[in-house]
Amino acid sequence: MVTSVPNKVGNYSSTGNGVHKPFFDDITNFLRRFLFRVLSVGPIPTHLAFIMDGNRRYAKKQNLKEGEGHKAGYLALMSLLRYCYELGIKYVTIYAFSIENFKRRPDEVQSLMDLMLEKMEALLMEESIVNQYGIRVCFIGNLRLLSEPVRAAAEKVMKVTSNNSKAMLLVCVAYTASNEIVHAVEGSCKEKEKEFRLCNLNNNVMDDVKEGEKVNGMVVHDIQDFYEDTSVESQGLKQGKGCNGTPYHACESFESNWDQVLTSKASKSGEVSEGFRNLRQEVPLIKLVDIEKHMYMAVAPDPDMLIRSSGESRLSNFLLWQTSNCQLYSPAALWPEIGLSQLVWAILKFQQSHSYLEKKMKQL
Amino acid sequence: MEGILKKSKDFILEKFDGATLFQENDVLLDQPLMTLEFASFSDGKEAVAKAANVLFMKYLKSGSTSSYQGEQIFTESQMGEALKTVGGNGPEPDLLLVYGPARCHLGFPAWRIRYTEIQHMGPLKSMKYGSLIKAIYKFTMVQQNYGK
């Protein structure tokens, strides 16, 4: 069982030494809950995002071994999460590991992965924070970039907590905003393409039902032939693909092939060509809502505030799409030093700018 | 929806003798004149939607799309290129100064501010030369690892 020892007023961190001061704990808990009640008189953010910056600098500053900075950072995260959920903040997002972080030394990457795996397994325990506060955990990012054990653990945590509904913890791993945007565009393309194919299939079936010259089944068969022809040709093109530039040239030459196939099919059966002549005019367009739907972060509303520790003022490819109306705050403290006072200050800053940002959001 | 600065850009350029309008393929280094580019809210998410349609057309024309199931279809550089063709991808600013009541980038094109330092300068009417110099000084003291 984990025991808590307060080290600063209102803060608590877990240590294993078994010292337990119930009276002091009760007083600090009471004061903190009172403070939260006072803060709650004003607006409280629904969604907070954190960039956990400064673990390595903290380790250097405290003359610790390199990995210890991240472990101290984990403890700070756990305290902060408890405060957030106590305060009634429903969604918390953390930037745990960027795709850019894979560029670090392999042993550092491996130790971070090991730490994540260990902490994911801890989340599955009975007395973990997810059960205490009814938290649903979502891992956000290109999880295929993770090693198999880490990815499997992440999937397991997501599955086990999928029924929790009191709060949500979004952990961004193997994530960058640019990767997220490209992924959302890809998802929209695949969806619209399916829609497009089905739409044309239906159109051709309807045309023939009207004309009554061909049986439905025969028309579908012809369309399938058409797609098989094009797939054979495109296979050849794909093999000829070199670096990123070439697919576009391949596509241009393929356009003329597409026309040839169309006209050759047209001479085979007049009814089918009618439908295909209309193909280009009926292509469904991708709208903004389609892209939004396919974002990894679509499971939660946009964050109200983004807090980056260590005083740095950039976003580093984090939640660029979702922060149009999000207040940015950069306390100077390194991540393991972040505690209750920084959170309270952040909430006050949020309350200060809240009405202005609400107004901005409604304008657009 | 174009912003008011974009709509008044001719008027603004008249006021500056030493400034030219940013052109698509401009190289930024060693410019004799200051280059001005006007961006508005529509250059952000809406430009991404337009770029998505450019990429979608290419995707459809590439033929058999069923073989792409589960695979990555586009790279980030292809996305950048597509954004450029719809006019939503200029150079990435090193420093973004936010004048207004809140520290928020208000929908500045996401693709361009990945590693941009965002500094809040306060309300527009309290703009001073000294605070601008201070912001630039703060910028020069920053050290970026770019993930490493």
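**Cysteines and domains**

Analyst: This is a predicted model, and in it the sulfur of A:Cys172 lies 10 Å from the closest cysteine sulfur, that of A:Cys138, which is too far for a bond.

User: And what about A:Cys199, how far is its sulfur from the closest cysteine sulfur?

Analyst: The closest cysteine sulfur to that of A:Cys199 is in A:Cys189 at 17 Å, again too far for a bond, and a search of the whole structure finds 0 disulfides over all chains.

User: Is A:Cys172 buried or exposed?

Analyst: A:Cys172 counts as buried because its relative accessibility is 0%, whereas A:Cys199, at 34%, counts as partly exposed.

User: Switching topic, how is chain A divided?

Analyst: Domain 1 of chain A takes in 38-175 + 301-362, while domain 2 takes in 177-206 + 289-295, and their C-alpha centres lie 31 Å apart.

User: What area is buried between domain 1 and domain 2 of chain A?

Analyst: About 720 Å² is buried between domain 1 and domain 2 of chain A, with carbon and sulfur atoms giving 54% of that area. On the domain 1 side, A:Tyr175, A:Asn317 and A:Trp321 supply 67% of the area buried against domain 2, more than any other three residues.

User: What kinds of residues make up that side of domain 1?

Analyst: The side of domain 1 of chain A that touches domain 2 has 6 nonpolar and 3 polar residues, with no charged ones.

User: How many salt bridges and polar contacts are there between the two domains?

Analyst: Between domain 1 and domain 2 of chain A the count is 0 salt bridges, but 5 residue pairs are in polar contact.

How values were computed. Residues numbered from 1 in each chain as written. Chains lettered and ligands numbered in written order. Predicted model: local features only at pLDDT ≥ 70, side-chain atom pairs only at ≥ 80, totals over all residues. Heavy atoms only, no water. Disulfide = S-S within 2.5 Å. Buried < 20%, exposed > 50% of the residue type's maximum accessible area, 1.4 Å probe, protein only. Domains from an automatic or database assignment. Buried area = accessible area lost by both parts, 1.4 Å probe. Salt bridge = Lys/Arg side-chain N within 4 Å of Asp/Glu carboxyl O. Polar contact = N/O pair within 3.5 Å; in protein donor to acceptor, adjacent residues only side chain to side chain. Nonpolar A, V, L, I, M, F, W, Y, C, P; charged D, E, K, R; others polar.
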